[in-house]
Amino acid sequence: MFGIRVLFYLVGIALVIWILSRLAKTPRVKQKPVKQVGSMVRCAHCGTHVPLNEALQVKDRYYCCRAHRDEAP
Ligand SMILES: [Zn+2]
């Protein structure tokens, strides 16, 4: 039964190639979704830390909201 042995041999090789190709496609390191946290600034009025892009800046001071900005001296 030479033909069947060859067939099994070929199937075995094909299986190994398929597994190797799948392993090669699989990324080894999963990319973590890096959430960009912007630098935090401190409200000059109440001390609350707010993201820089949400803070209200007056000269070199930052405020968490318009009320605190208006209350500031
Ligand atoms: Zn504030």
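Here is a quick briefing on the chain shown above and its zinc site.

This is a predicted model, so local features need pLDDT of at least 70 and side-chain atom pairs count only at pLDDT 80 or more, while totals for chains, interfaces and linings use all residues. Residues are numbered from 1 along each chain as its sequence is written, and side-chain values use heavy atoms, with hydrogens and water left out.

**Overall layout**

- The chain has two helices and four strands, which are DSSP runs numbered from the N terminus (helices: H or I, at least four residues; strands: E, at least two).
- Starting at the N terminus, the order of elements is α-β-β-β-β-α.
- Of the 73 residues in the chain, 11% are buried (buried is under 20% relative accessible area, exposed is over 50%, and partly exposed is in between, using a 1.4 Å probe and protein chains only).
- The chain's accessible surface is about 7000 Å², and carbon and sulfur atoms account for 61% of that (areas come from the Shrake-Rupley method with a 1.4 Å probe; for residues, only the protein chains shown count as cover).

**The zinc site**

- Zinc is held by Cys 43 (SG), Cys 46 (SG), Cys 64 (SG) and His 68 (ND1), at 1.8 to 2.3 Å (donors are N, O and S atoms within 2.8 Å of the metal, or 3.2 Å for Na, K and Ca; water is not among the atoms, so sites may look incomplete).
- The donor residues follow the spacing C-x2-C-x17-C-x3-H along the sequence.
- Cys 43 sits in the loop between strand E1 (40–42) and strand E2 (49–51), and Cys 64 in the loop between strand E4 (61–63) and helix H2 (66–71), so this pair ties together parts that are 21 residues apart in sequence.
- The arrangement is tetrahedral because the four donor atoms subtend angles of 97 to 125° around the zinc ion (for four donors, all angles must lie between 85 and 135 degrees).
- Cys 43 is buried, at 1% relative accessible area, whereas Cys 64 is partly exposed at 22%.

**On the surface**

- A nonpolar patch is made up of Leu 15, Val 16, Trp 18, Ile 19, Leu 20 and Leu 23, with about 610 Å² of accessible area together (patch residues have over 30% relative accessible area and no salt bridge, and nonpolar side chains are joined within 5 Å, like charges within 9 Å).
- Trp 18 belongs to helix H1 (residues 2–25) and is partly exposed, with a relative accessible area of 47%.

**Charge pairing**

- Searching the whole structure turns up one salt bridge (a side-chain nitrogen of Lys or Arg within 4 Å of a carboxyl oxygen of Asp or Glu).
- Asp 70 pairs with Arg 69 in a salt bridge, with the closest N and O atoms 3.6 Å apart.
- Asp 70 is exposed at 56% relative accessible area, and Arg 69 is partly exposed at 30%.

Methods: Four donors count as tetrahedral if all angles lie between 85 and 135 degrees; four count as square planar and six as octahedral if opposite donors are over 155 degrees apart and all others between 65 and 115; anything else is irregular.
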